[in-house]
Amino acid sequence: MLHRSPFKWIKPIFKIAQMNLLIKSATIIDPNSPFNQKVTDVLIEKGIIVEIAQEIEAGAEIFDAEGKYMSPGFFDLNCNIGEPGLETKEDLYTGTKAAASGGFTGIALMPNTVPPVHSKSEIEYLLNRSGKNLVDVYPLGAISHKREGKDLAEMYDMYLSGAKAFSDGNRPVQDAGLMERALLYAQGFDALVFSYPEDTAIAGKAKVNEGEVSTLLGMKGIPSLAEELMIARDLYLAEYTGSKIHFSTISTTRSVELIRDAKRKGLEVTCDVAVHHLVLTDEALLGFDSLYKVKPPLRTRDDVEALLAGVVDGTIDAIVSQHTPHEVEFKNVEFEVAEYGIIGFQTAFSLALQAGLDISTIVQKMAVGPREILDIDIPVIKEGQAANFVLLDTQAEWEYNKKNNRSKSYNSPFIGQNLKGKVLLTFNNNHLSK
């Protein structure tokens, strides 16, 4: 008797590159490529870079890239897709389509699902569902069972099934003893633990950053101390256990300073920042627009400047989208009860440019750095290598709207805005998105 699987296999999302592809006159931005900063042609056949030279002549589909940049495909260390259990927010089909449209050829999925990704079953399900499509999917396993912060999850089993790192997603590990055990346990198989730094006892139920804006809004604020206290704690734990640790979405001046000092001391610490924290301040909340409600909350201009300085000097290792889709009924409500988060795949590159970062820094923080943190293969624009790249136009202006939004959700304050900096083409696994 034949039994039908209860799951639908993900349908083909991207166009398989049937023809050879010739990129003409692109400026290569890849710190690991011998052609870095050079203007050249790139010929791709059957998903492999076969020739990089001037004035290539070949029977291929031609893409004129004069004045455009070609870099390794972006990688997002912090994003949310609803599978399993929250597919009305986003599923793998729409999520990876939005990611590719934003130039991402790899994504690390947070375990903020129902059920959480806390056993090998969920890891294997996500890997099997995503298949070998344009966007490589790397599910992160939960640190604690059900993300409850009480008992360790099946970390080793998840690691054997393909989990590259562990995080409780948007829930901090409040129990210092549990975090210590997680760090020690992960050492045994050289896995990385992500810390979402927020002391919930300090943060309480506040919704916005503590400061002048929270006072004007008449709302209780989340002090920077809530983040900084947790970073200090986990740095001490990492030093005590001799473990490596990664901090997700830092947002304050003092957080940057703490991590900078830890790196100078030789601790194995890395961190990332959400791209919207490099552009927006808490002044965006003066209109009580819930589309700007994110976690960590938007901070002050001084914090934004400190974060940008941290990106430039290498304290901050990666920039993430923190893509967090929600149905309209979870955002189009009073600010106090609205959910946290915005969708961010398609606007990440534009916002990084808006923050004033140069193209080389963007590529390092959005393509190379994230893969270094997870210790996975970094694509290189070099002859004989598999083609994994994104083609970028830093000058093109475009309107982000509901028609070209590829996500299932629409919770972005940037929908309806004109943005500068456009992803023209994304290529990986012999699949093309444009």
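The model is predicted: local features need pLDDT of at least 70, side-chain atom pairs count only at pLDDT 80 or more, and totals for chains, interfaces and linings use all residues. Residues are numbered from 1 along each chain as its sequence is written, and side-chain values use heavy atoms, with hydrogens and water left out.

**Stop 1: α7 and α8**

Select residues 224-241 for helix α7 and residues 253-264 for helix α8. Helices (H or I, at least four residues) and strands (E, at least two) are DSSP runs, numbered from the N terminus. The two axes come within 9 Å and cross at roughly 15°; axes are lines fitted to C-alpha atoms, for helices over the stretch in contact, and angles run from 0 to 180 degrees between N-to-C directions.

Now show side chains. E227, E228, I231, A232 and L235 in α7 meet R254, S255, L258, I259 and A262 in α8, where contact means heavy atoms within 4.5 Å. By class, this contact of α7 with α8 has six nonpolar, one polar and three charged residues (Ala, Val, Leu, Ile, Met, Phe, Trp, Tyr, Cys and Pro count as nonpolar, Asp, Glu, Lys and Arg as charged, and the others, Gly among them, as polar).

**Stop 2: α4 and α7**

On α4, pick A176, M179, E180, L183, L184 and Q187, which meet R233, D234, L237, A238, Y240 and T241 in α7. The contact of α4 with α7 has seven nonpolar, two polar and three charged residues.

**Stop 3: the largest pocket**

Centre on N112, N170, T324, H326 and Y340, which lie nearest the centre of the largest pocket among its 29 lining residues. A pocket is found on a 1 Å grid over the protein atoms alone, as an open set of points where a 1.4 Å probe fits, with protein on both sides within 12 Å along at least five of seven lines; lining residues have an atom within 4 Å of a point. Its space is about 650 Å³, a volume being the space filled by probe spheres set on the points, which are joined across faces, edges and corners. The lining divides into nine nonpolar, 14 polar and six charged residues.

**Stop 4: the second largest pocket**

Move to S101, Q346, R406, V423 and K434, nearest the centre of a pocket lined by 19 residues. Strand β18 (418-428) is one of the elements that give two or more residues to this lining, and its six residues are the largest share.
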